[in-house]
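Subject: Structure for your review

Hello,

I am handing over the structure we talked about. Please look through it first; my notes follow below.

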Amino acid sequence: MTVARETNGCLRSVFRTEGVTKVYDMGEVKIHALRGIDMALYAGELMVLLGPSGCGKSTLLNILGGLDTATNGTVTYRDQDLTRADERALTRYRRHEVGFVFQAYNMIPSLTARENVAIVTEIAENPMTPEEALALVGLDDRMDHFPSQLSGGQQQRVAIARAIAKRPSVLLCDEPTGALDSKTSVAVLEAIENINRGLGTTTALITHNEVIGEMADRVVRMSDGKIVDERRNDSRRPPGELEW
Amino acid sequence: MKGQSAAIAVVVAAGVMILIVFVTTYDALTLTQKRFYEDQRFADVFADLKRAPNHVAGRLRAVDGVNHVETRVSAPVRIEVPGFDEPVRGRVVSLPEEHEPLVNRLYLREGAFPPPWRADAAAVNEVFAEAHGLRPGDTFNVIIRGQLERLTVSGIVLSPEFIYQLGPNDLVPDYKRYGVLWMRERGLAKAFAMDGAFNNAVFTLRPDALSERVIELVDEFLAPYGGIGAYGREDQLSHRFLEEELDQVRTMATVLPVIFLGVAAFLLHVLMGRIIRTQREQIAVLKAFGHTNGEIAAHYALFTGLIVCAGAVAGVALGAWVADGLARLYMEYFRFPEVSFRLQGWVLAVAVFVAGGAAFLGAYGAVRSAVSLPPAEAMRPPLPERFQRGLLEQSTLWARISQPTRIILRNLSRHPLKSGLSVVGIALAGALLLVGSQLFRAIDHMVDFQYRFVLLMDIHLTFTEPTPERAARELLHKPGVRYAEGYRAVPVRLVNGSSEYQTSLLGIERDSRLRGVVDAERRPVRVPHEGILLTTYLADYLGIRPGDTVEVEILEGRRRMLPVPLAGVVEEPIGVSAYMERRAVNRLMREGPAVTGAWILADNELRETLFRELRDLARVDGIGLVGDAERAFRKHLDDTLLAFMGVVLFLSISIAFAVIYNNARIALAERMRELATLRVLGFTRFEVSWILIGEVALLTAVAIPVGWGIGVGFAYALNQAMALDMYRVPFILTPWTFAFSAAGVLVASVLSVVVMSKRILRIDMVTALKTGE
Ligand SMILES: Nc1ncnc2c1ncn2[C@@H]1O[C@H](COP(=O)(O)OP(=O)(O)O)[C@@H](O)[C@H]1O
Ligand SMILES: [Mg+2]
């Protein structure tokens, strides 16, 4: 952490967490998913969160994204204390500030690609048009296709377009390539990289694929509910060069 | 699952219940009637005459086919009960001096029969005694032929002859103002100037006897003694009305359960199928663990069986309870010693078989398609459902529709069959609601029609015998009388070929102000100088049209057959009347200008005084208040027909709720992931709820008019099946009827949405979006 603070001292943090824990009470047993997380996410950076399955990555991202609340500790988004936000404030937060991308694309099957994006732009404050968003992920020729008519990678790119169409401050991606083969994954990662570079959207990306860490500004490693390592890349490798 | 299974059980219960209620009530009434008739030796043939010496009885006994004969004195009386100021009419029937009657025996409820040879004791019909709180030992007065007699109540009785105790001019029983009494023969005969004679005879027949033949022979014997025509049971007042009520129950007991069970079976089929389709993943898991298709089928068969059993048990319990209550309500009108109530095995079997069969069929189809999937495929979250652009997108409005609404429209149009079935299911419930509300409305309309357009008088007087017409004019001088009008009523039999109908021919003034004679559009019909007017129902029944001739058999005094032309038809929902100009009736009867009763319009304030004066008029033998009659009639309908319909309405709403709730619950299960995604995207709970609420709302909106259509058909079928002699419910549809059906469906939708919205609020995004890792 000291390293990060020195080198990024001049950067504005978008998220800051202090002593965040998450305990799932399963009746007989308590699962400690997060055991005290102190970290920050800085404006404009692309951070990759690495770690084995079940170590708490998704839990952390869900808390940052306002889908879940911490058991203890504080999460600050800009000047807002998310741990104290009520249901309405969290909904507003998700609506205007965060873009989410999941492993399972979570398309609305009854809406076309364009409409899947439009459903967000309809309620956002300063959105781009669905067409612009889809052009950013290279899907301008598939706008009137339904999810069932799109491949997995295409669906995931629609999901990214949907996440960024509202021009969110942060883009949170939970294993966006988890269900895709490597070639398709590259296209999806390129879309994310484009957004991060082109729009300057602060991005956190979860993966258990070490290679993907190379496209990040910073790689944070988790194990068993704790941050165990943090490393800054000297330079980001474009996703097109990654191979696995 | 609990909620959905419960909703299905409700549908089963509703279907089973309705069948049990109707069939059991009908069965209880007919069974009770049959037993009572047998036990009390209810007569097969009845005869009224002017007067015959007692020795004629022996000749009647000898008539071929007759089993037992009882000759009696039967006298119209006025009754004065202490503490009740209004006019009370009644009839006293004689009992043989020293033994129980051989025919039409009395059933003793309390006290004793009048002691032999006592002229001052009477047995009182139970309903009348109850209405006035009369107990054995109490005393009251009767006026027989203008002579006041003081009587002591010896006992409270029931009679098969007066199960339906109805006054001569009443449509429905009025227990306070009409009563039947029994006295020993000698005392009554003396008071009624019938010493050593009788004016009424009742017969039971041998099993092989032909009642038409006996009636002919009896008529022949009694003609010299002023016999006015013997008649069979089917024309006996109490029996006829009882039969009509039973017919009505029978009609409802056939039509309604068929509709209802049909609807329930259809819904069960659909609901069971759906509930199982939402469980395809569990089915796949079970298969993956090595369960055979047979085991899985057995599991669902058990599941279905449990739901059907739970529903059937609830339906039987509720049905028996309601049927018992309804049968008891009917007993208020039809006095039987006890209700013979039984649950018949076959009714249970039919109800459970139909409900169970439908549920199992629905379950079978769904389980079969679920087990035919290879387990791996079934466990994978289903691929994004296939959608296509279609007609929807071509509409110019489409561009302006928000995405959430597009989701609703696409989901519904993607599964036209499923959506269609939901619509039909909700519509059927709406249809049943329409049937119920139209009946309520139509009955109200019918009673209004009768009392606002036909019976315009306040008071109805009957005279002991034909009286000079000035008697009616003299009434104008009585206190509080604003207007009075005489009429001439003659008992007649109308005959056309083989159809005949016994009724009362009313001779009324040509410009009668107190008896409305109107056509279907409620326009006044002028009573012609010659010829007869019949109610449409009667003309149809006899099969004659204006211009045809009907044979009128006069059943008073000297009996004759006279051909009379049918001058026109009139509309009258209640009763079966025939009208002629009064003087034309007088000519028919070959008499001077006479009346047999009068109608009065009177001031309310002076009523008490007026009653007292009317009561003291020797020739008045009956005073009826039309307002009371209307109230009694409405209460009667409320307690019988409308009580049934109340049950139907309640069940319809339950069914509507069950269908809509189930539909919404299944939609919720199917869309959970979508809804959670929308929450992640920043949609509020309310906005997310709209996807489901909007779907329910849209289905409901489409179902309402469809339900109207089906309901009109059902209502018409029921209406046609229910035309009775006593009254004919008009088939009228008002905006109110439609509004009621719509409101019922809406209430059910709102309820289901409210119950379900709790679940929408509890959607947990993280759990809902978890990928099967
Ligand atoms: N809703 C939940 N209820 C109970 N335990 C949970 C829940 N979500 C996650 N967990 C547990 O918390 C731990 C961390 O899970 P997660 O954050 O999903 O891990 P990762 O995303 O790193 O694979 C795991 O042990 C997981 O089983
Ligand atoms: Mg995870």
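Chain A holds seven helices and 10 strands, where helices (H or I, at least four residues) and strands (E, at least two) are DSSP runs numbered from the N terminus. Chain A is as compact as a globular protein of its length, because its radius of gyration is 17 Å, close to the 18 Å that the globule rule gives for 244 residues. That radius is taken over C-alpha atoms, and the rule is 2.2 Å times the number of residues to the power 0.38.

Before the rest, the basis. This is a predicted model, in which local features need pLDDT of at least 70 and side-chain atom pairs count only at pLDDT 80 or more, while totals for chains, interfaces and linings use all residues. Residues are numbered from 1 along each chain as its sequence is written, chains are lettered from A and ligands numbered from 1 in the order in which they are written, and side-chain values use heavy atoms, with hydrogens and water left out.

Chain A

The C-alpha trace of chain A spans about 45 × 40 × 40 Å along its principal axes. Of its 244 residues, 57% count as buried (buried is under 20% relative accessible area, exposed over 50%, partly exposed in between, with a 1.4 Å probe and protein chains only). Among contacts in chain A with a separation of 6 or more, 71% come from residues 24 or more positions apart; a contact means heavy atoms within 4.5 Å. The accessible surface of chain A is about 10100 Å², and 45% of that belongs to carbon and sulfur atoms (areas come from the Shrake-Rupley method with a 1.4 Å probe; for residues, only the protein chains shown count as cover). Chain A has 28 positive and 34 negative charges, whose mean positions are 3 Å apart. Lys and Arg count as positive and Asp and Glu as negative, with His and the chain ends not counted; each charge is placed at NZ of Lys, CZ of Arg, CG of Asp or CD of Glu.

One residue to look at is A:R78, in the loop between β4 (72–77) and β5 (80–81) of chain A. A:R78 is not a glycine, yet has a positive phi of about 50 degrees. Its relative accessible area is 39%, which is partly exposed.

Chain B

Chain B contains 22 helices and 20 strands, and its C-alpha trace spans about 105 × 55 × 50 Å along the principal axes. It is divided into domain 1 (1–43 + 245–380), domain 2 (45–240), domain 3 (399–453 + 631–773) and domain 4 (454–630), with bounds from an automatic or database domain assignment. Between the C-alpha centres of domain 2 and domain 3 of chain B there are 55 Å.

Of the 773 residues of chain B, 57% count as buried. The accessible surface of chain B is about 31700 Å², with 58% belonging to carbon and sulfur atoms.

B:N104 sits in the loop between β4 (88–95) and β5 (107–111); its phi is near 55 degrees, a positive value in a residue other than glycine. B:N104 is buried, at 3% relative accessibility.

B:A230 is in the loop between α5 (211–222) and β11 (231–232) of chain B and is buried, with a relative accessible area of 2%. Its C-alpha atom is 6.7 Å from that of B:D48, which is 182 residues away along the chain. Beyond its neighbours within four places in sequence, B:A230 has contacts that include B:V45, B:F46 and B:I215.

Regards
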